[in-house]
Amino acid sequence: MEYYNKLPVDPRVSVCLILDPMLATGGSATATAEILKRWGVTKIKFVGLIAAPEGIKAMQDAHPDIDIYVAAIDDHLNERAYIVPGLGDAGDRQFGTG
């Protein structure tokens with residue numbers, strides 16, 4: 001679900017970075033990449049802290065042209081689509097919810 005998008009009419013950048021603390025399922029990252037590509041960006045990179053193999057595969061399958069940079073690749077996703085061992089939900093950690 002797209003919550004907010006206030007991009008200028010035309011891109012004026014040569015590279016866009018998708019910044020996300022975790023690449024779990026890859027859903028948010030692939031959707032963001034689609035928005036940026038529709039906007040006209042040709043060079044995109046993903047930068048994150050932790051990724052699951054499932055999220056990396058989803059990103060590579062949907063956008064093989066996007067480089068992925070993460071600090072760590074954890075083992076897998078659990079039944080709630082959380083990275084294992086991971087850090088829990090990034091939003092819950094940041095905002096004290098959950």
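Reader: On what basis are the values computed?

Author: This is a predicted model, in which local features need pLDDT of at least 70 and side-chain atom pairs count only at pLDDT 80 or more, while totals for chains, interfaces and linings use all residues. Residues are numbered from 1 along each chain as its sequence is written, and side-chain values use heavy atoms, with hydrogens and water left out.

Reader: Which residues of the largest nonpolar core touch the most other members?

Author: In soluble globular proteins, nonpolar side chains tend to be buried together. A nonpolar core is here a set of buried Ala, Val, Leu, Ile, Met, Phe, Trp, Tyr and Cys residues joined through side-chain atoms within 4.5 Å; buried means under 20% relative accessible area, exposed over 50%, and partly exposed in between, with a 1.4 Å probe and protein chains only. The largest core has 14 residues, of which Leu23, Leu36, Phe46 and Met59 touch the most other members. At least two residues of this core come from each of β1 (16-19), α1 (27-39), β3 (44-51) and α2 (53-62). The most is given by α1, with four residues. Helices (H or I, at least four residues) and strands (E, at least two) are DSSP runs numbered from the N terminus. Another core, of six residues, lies apart from this one and includes Ile50, Ala52, Leu77 and Ile83.

Reader: What does phenylalanine 46 touch?

Author: Contact means heavy atoms within 4.5 Å. Not counting residues up to four places away in sequence, phenylalanine 46 touches Ile18, Asp20, Leu23, Ala29, Met59, Ile66, Asp67, Ile68, Tyr69 and Val70.

Reader: Which residues of α1 are buried, and against what do they pack?

Author: An α-helix has 3.6 residues a turn, so residues three or four places apart point the same way. In α1 the buried residues are Ala29, Thr30, Ala33, Ile35, Leu36 and Trp39. They pack against β1, β2 (22-23), β3 and α2. Threonine 30 counts as buried because its relative accessibility is 12%. Leaving aside neighbours within four places in sequence, threonine 30 is in contact with Ala58, Met59, Ala62 and His63.

Reader: How does α1 pack with α2?

Author: Axes are lines fitted to C-alpha atoms, for helices over the stretch in contact, and angles run from 0 to 180 degrees between N-to-C directions. The angle between α1 and α2 is about 25°, and their axes are 9 Å apart. That makes α1 roughly parallel to α2, since angles under 35 degrees count as roughly parallel, over 145 as roughly antiparallel, 65 to 115 as roughly perpendicular and the rest as oblique. Ala29, Thr30 and Ala33 of α1 make the contact with Ala58, Met59 and Ala62 of α2.

Reader: Which residue other than glycine has a positive phi, and where is a cis peptide bond found?

Author: Most residues other than glycine have a negative phi, and most peptide bonds are trans. Alanine 81 has a positive phi, near 65°. Alanine 81 lies in the loop between β5 (76-77) and β6 (83-84), and its 29% relative accessibility makes it count as partly exposed. The cis peptide bond joins valine 84 and proline 85, with omega about 0°. Proline 85 is placed in the loop between β6 and α3 (90-95).

Reader: Is arginine 80 buried or exposed?

Author: Arginine 80 counts as exposed, at 58% relative accessibility.
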